[in-house]
Amino acid sequence: MQTGQIGNKTDRMSKVNPEQKARSQLINRILGKKSHTDDASATVTVRSKPRSSIPEAWTRFDQYPGYEKMLVSRAAADRLGLRNPFFISHDGAVGARTRIEGREYLNFSSYNYLGLNGHAIVNQAAKEAIDHYGSSASASRLVAGERPVQRELEQALAGLYEVEDCIVFVSGHATNISTIGTLFGPKDLVVHDSLIHNSVLEGIKLSGAARRSFPHNDSTALDAMLAEVRSRFERVLIIVEGHYSMDGDIPDLSALIDIKRRHGCFLMVDEAHSLGVLGKTGKGLHEHFNIAGKAVDIWMGTLSKTLAGCGGYIAGERALVEHLKYAAPGFVYSVGIAPPLAAAALAALKLMLKEPERVSRLQENGQLFLEMAKKNGFNTGSSQGFAIIPAIAGSSFKATKLSNKLFEHGINV
Ligand SMILES: Cc1ncc(COP(=O)(O)O)c(C=O)c1O
C-alpha cells in the first residue's frame, strides 16, 4: 500500500521535476526554513520511525553533514547563476582539446600529459589485449594467476628507476592506502609534506601509525622534527610528492635522501605527476636531479595520468615488492589489473621512452604558460612550470566564476 502511495505522489511530482523538488526541500530543511516533518510533500524517502533513543540523523543518508554542506554550496552557486564546473561530459578522448556538448574547447583539465591517451598505438595494444585475454583479469593474481602483460608492465616500470621489482595495483589511490597501511603500524611514525595527497593521509589512518606533517618543501623543518621525535618510534616513513599535484613544484630530493639516511627512515616519493613530466625522458624526479633510483626506498606512481591507463604501482627492492604481493590487502584481495589497461600503460610507457620530444614539448609549453601567466598578473604560487600551473583566485567562488567565464570563451579549466 505504501509503495502505491509513493508511486502516486511521485507521478504527480514528476510534472515539476521531482529530483529538483526533493533537492530544494532538502536544502530548505538544511537552511532551517522548514522542518522535515512539517513538510507535507516530503515523500521521497518514507521509512518506519527509528527507535526514539537514536537521533534520526544517524539513520539517514540525506542528513550526513558532508552531504548537507555540499547541497548548500550548490544551492548558493545556483542562486548566483554559476554553472556547476564538475562532472562535465566529454564526447571523446580528452587531450589538449576536447568536445563538450558538440562544441570544441581548449582543455586544461586533464592529466593526459603526453597526449598518449587515445594514441593509435596505445589503443591498438588495449584492443589486442582484450581480444587475447578479455576485458578483465577476473580474480586476484595471487590465487588465480597472472597474464604476461601484467608482469611485463611491472618489469618495465622497475626499469625506469633501475630498481629490483615493481607491483601494480588496480588504482593509484588504493596503492597508497594499501602500501602504507601494510608496511606501518601503531609503533611507527609517518611524516609527510603538508600538501600531500589524500590517498597518503588515508593510508596513514589505516596503518594506525602516528602522523606528523612538515611545512611544504621545508626540509630544514623536517630535519629538526626528526631530530626531536625519531627516537620515540620504530619505523619512520618520510613521504613527499615528486611533483605537487595542485601547486606544480618539486621537492629537493638530495636533501631528503640525506635526511632519511641520517635519521634512519624510509623515503617514499609519489610520482603520480612526475612520470612523463620530469627529467629528459620523463622518468621522473630522480632523472630530473640525476640521482640513482635506488637512493629512494619506495617509488609510487599511477597509470592514470601519463600512462593512459588506470592503476598504481610501487617500485623498489625485491623484499618490499614481494612482501606487498603477499600481504597488501589491496593486491591480495583485489582483482589483478585488467589486461587491456596493463597493455595500454605498457604501450604508453614505451612511447614515452621512444619519443622524448613529447616530454620536452610539455616542459616548454609549461614554462611558456607560467611566464605568460605571471606577466599577466596571475598568482601562480610556487609552480615551477613543468606541467601544473595554478591560477590562484583566492576563493572557490572566484575560481568557479573564472572557470565559468573561460568556458564561455571555449576554454575548459
Ligand atoms: C599525488 C597523487 N597520488 C595519487 C593519486 C591517485 O591516483 P589515481 O587517480 O590514479 O587513483 C593522485 C590522483 O590524482 C595524485 O594526484
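A: Start with how residues are sorted: Ala, Val, Leu, Ile, Met, Phe, Trp, Tyr, Cys and Pro count as nonpolar, Asp, Glu, Lys and Arg as charged, and the others, Gly among them, as polar. The model here is predicted.

Now the cavity. The structure holds one cavity of 30 Å³ or more. About 40 Å³ of space lies in the largest cavity. In general, rolling a probe the size of a water molecule over the atoms shows where empty space is left.

Which residues line the largest cavity? The lining is made of S140, R141, V168, F169, V170, G330, F331, S334, V335, G336 and I337. Sorted by type, the lining has six nonpolar residues, four polar and one charged. Two elements each supply at least two residues of this lining: strand β3 (165-169) and helix α13 (329-332).

Next, the cysteines. The count of disulfides is zero. C166 is in no disulfide. Its nearest cysteine sulfur belongs to C310, 15 Å away. A disulfide needs two cysteine sulfur atoms within 2.5 Å. C166 counts as buried because its relative accessibility is 0%. C265 has a relative accessible area of 7%, so C265 is buried as well. The cut-off for buried is under 20%.

Now the strands. In general, strands of a sheet pair through backbone hydrogen bonds, either parallel or antiparallel. Take the parallel case here. Strand β4 (residues 189-193) and strand β5 (residues 210-214) run parallel, joined by five bridges. One of the bridge pairs sets L189 against A210 in β5. Between β4 and β5 the chain passes through helix α8 (residues 198-207). This β-α-β crossover is right-handed.

An open sheet shows another arrangement. Three strands form it, in the order β1-β2-β10, with mixed pairing. Its edge strands are β1 (97-100) and β10 (411-412). Each edge strand pairs on one side only. β1 and strand β2 (residues 103-107) run antiparallel, and four bridges join them. I100 stands opposite R103 in β2.

To return to the part you asked about: the largest cavity holds about 40 Å³ of space. Its lining draws at least two residues each from β3 and α13. Among the lining residues are V168 and F169, along with G330 and F331.

How values were computed:
Residues numbered from 1 in each chain as written. Predicted model: local features only at pLDDT ≥ 70, side-chain atom pairs only at ≥ 80, totals over all residues. Heavy atoms only, no water. Pairing = 2+ DSSP bridges. 1 Å grid on protein atoms, 1.4 Å probe; cavity = no way out; pocket = protein on both sides within 12 Å on 5 of 7 lines; lining within 4 Å. Points joined across faces, edges and corners; volume = space filled by probe spheres on them. Buried < 20%, exposed > 50% of the residue type's maximum accessible area, 1.4 Å probe, protein only. Right-handed = clockwise from strand over helix to strand, strands pointing away.
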